[in-house]
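Here is a short report for a first look at this protein. Begin with the sequence and the fold below.

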Amino acid sequence: MWDVIVIGGGPAGSWTARGFAKAGLKTAVLEEHSEIGIPIHCTGVVGGAMLEQFPQTKSCVWREVNQFKIFSPEGESFLLPNVKAFILNRQKLDLTLAHEAQKEGALILLNHKVSTLSQEASHVTVEAVTSGEKTVHQAKMVVLATGSTSNLARQSHLGEPPQFIRGVQVEIEIENLPTIELYLGSRIAPGSFAWAVPTCGKSAKTGLITLENASIYLEKLFDSPFLKGRMNRILSKPRASRIPLGPSPSTAVNRLIAVGDAAGQVKTTTGGGIYYGLIGAEAATAIGLESYKNGDFYPALLKQYHSLWQKQLGFELKAGLYFRKIFDKIQDSDLNYLTQRFKKKDLQDLLHQHANFDRHRDLIFALSKVPDIRAVMVQLLRRNFFPGRNSFSLC
Ligand SMILES: Cc1cc2nc3c(=O)[nH]c(=O)nc-3n(C[C@H](O)[C@H](O)[C@H](O)COP(=O)(O)OP(=O)(O)OC[C@H]3O[C@@H](n4cnc5c(N)ncnc54)[C@H](O)[C@@H]3O)c2cc1C
């Protein structure tokens with residue numbers, strides 16, 4: 001009988017396991033793959049706040065950038081100034097956090113794919129498949145840190161995030177990519193964005209997120225003027241995954257809590273979830289330890305976890321969803337117009353003052369106070385709510 005079983009050895013799972021193990025609880029992590037951090041589906045860009053709050057992650061930094069270059073569909077660009085971001089070696093991050101959990105006494109069991117969970121009065125039974133064999137484990141409490149693709153959360157009545165966006169990325173060799181570039185437009189990332197992120201030497205990660213079929217758009221991105229002519233070769237197979245958009249309706253039920261992507265702890269603007277998942281992991285550990293101390297793993301106490309992480313991230317997630325709703329129906333001509341507008345000094349100053357890698361609410365509100373930008377937002381909202389009247393243009 002384990003005190004805690006964490007399912008999933010990604011960042012959120014390992015950090016939760018570390019917290020419980022550090023407090024002396026008998027903790028196991030069950031990870032389906034044979035290696036931690038593989039396969040890599042993520043670009044690994046995070047803000048400075050994460051490195052400050054979780055200094056163990058500093059050793060995983062590949063590069064630091066201080067601005068982003070954003071391209072309109074017609075190829076014009078503006079700078080997002082003064083936004084410090086760090087590009088991490090994502091596999092090293094997962095390994096580092098798993099090692100932190102091990103150092104505190106957590107046992108990591110690789111090749112353990114969990115297939116079913118059953119919540120009983122005094123414990124949870126977890127069935128896993130290990131090299132074709134079924135293994136059965138029991139714990140007083142279980143943490144689901146299975147990322148965005150598992151169906152265990154749905155199976156166990158935790159529910160799922162309300163929506164998912166699709167993401168795909170690949171490693172390439174590219175010339176002349178000094179900073180992170182973001183590409184907008186219906187031809188390469190409808191309703192969202194694509195990117196090229198320099199990693200080591202001439203290597204970069206390029207990919208996109210969209211509500212549509214991301215893999216089809218990746219081909220179009222390769223062929224776009226943004227990459228064509230600069231991209232020397234493709235270094236890896238494309239990896240597609242999905243990203244939650246919005247929190248799960250419930251992230252704690254009897255003896256069971258969800259963290260990270262499995263809980264929807266992901267920025268609803270950009271789809272970045274490493275930092276928010278670690279914040280969720282801290283909240284899970286704090287409330288889980290309280291439950292353990294009181295011998296009470298029932299929803300009333302565990303639900304405080306849902307309130308705690310919602311208090312820290314809930315407004316951000318809501319503001320991001322609002323922002324997405326506004327920009328859902330944006331057209332290329334609007335993006336071209338906005339790009340020109342964002343080059344102007346007043347908006348560059350506003351970006352300088354309010355842009356923050358991890359928290360986007362302030363910037364969204366500050367932009368909504370600029371009269372012509374507010375007018376654009378209103379037009380876009382009208383387009384969303386009165387789709388029949390689609391003929392008006394922003395410019
Ligand atoms: C294309 C793309 C680019 C991204 N870029 C960024 C970025 O730049 N910055 C950022 O912050 N975020 C980014 N993200 C999001 C980020 O990858 C996730 O938010 C983050 O990995 C979530 O961490 P996690 O620990 O919750 O889940 P994961 O990292 O997905 O880990 C879940 C773990 O659970 C294991 N697992 C799943 N099911 C089972 C099972 N049944 N039994 C046992 N083990 C299981 C998996 O093997 C995996 O190891 C990106 C996502 C995508 C798709």
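## A hairpin to start from

Strands β14 and β15 form a hairpin, with four residues between them. Gly201 sits in the turn and has a positive phi of about 55°. The two strands pair in the antiparallel sense over six bridges. Strands count as paired if DSSP finds at least two bridges between them. Strand β14 covers residues 193-198. Its Ala194 stands opposite Leu208 in β15.

The model is predicted: local features need pLDDT of at least 70, side-chain atom pairs count only at pLDDT 80 or more, and totals for chains, interfaces and linings use all residues. Residues are numbered from 1 along each chain as its sequence is written.

## The other neighbour of β15

Strand β12 (residues 163-174) also joins β15. Eight bridges link them, and they run antiparallel. Here Gly167 stands opposite Ile209 in β15.

Strand β15 spans residues 203-210. Seven of its eight residues are buried, so β15 is largely enclosed by the rest of the structure. A residue is buried if 20 or more other C-beta atoms lie within 10 Å of its own, exposed if 12 or fewer, and partly exposed in between; C-beta atoms are placed from the backbone.

## The whole chain

The protein chain has eleven helices and 19 strands. Both are DSSP runs, numbered from the N terminus: helices are H or I with at least four residues, strands are E with at least two. Buried residues make up 44% of the 395 residues.

The C-alpha atoms fill a box of roughly 65 × 45 × 35 Å, taken along the principal axes.
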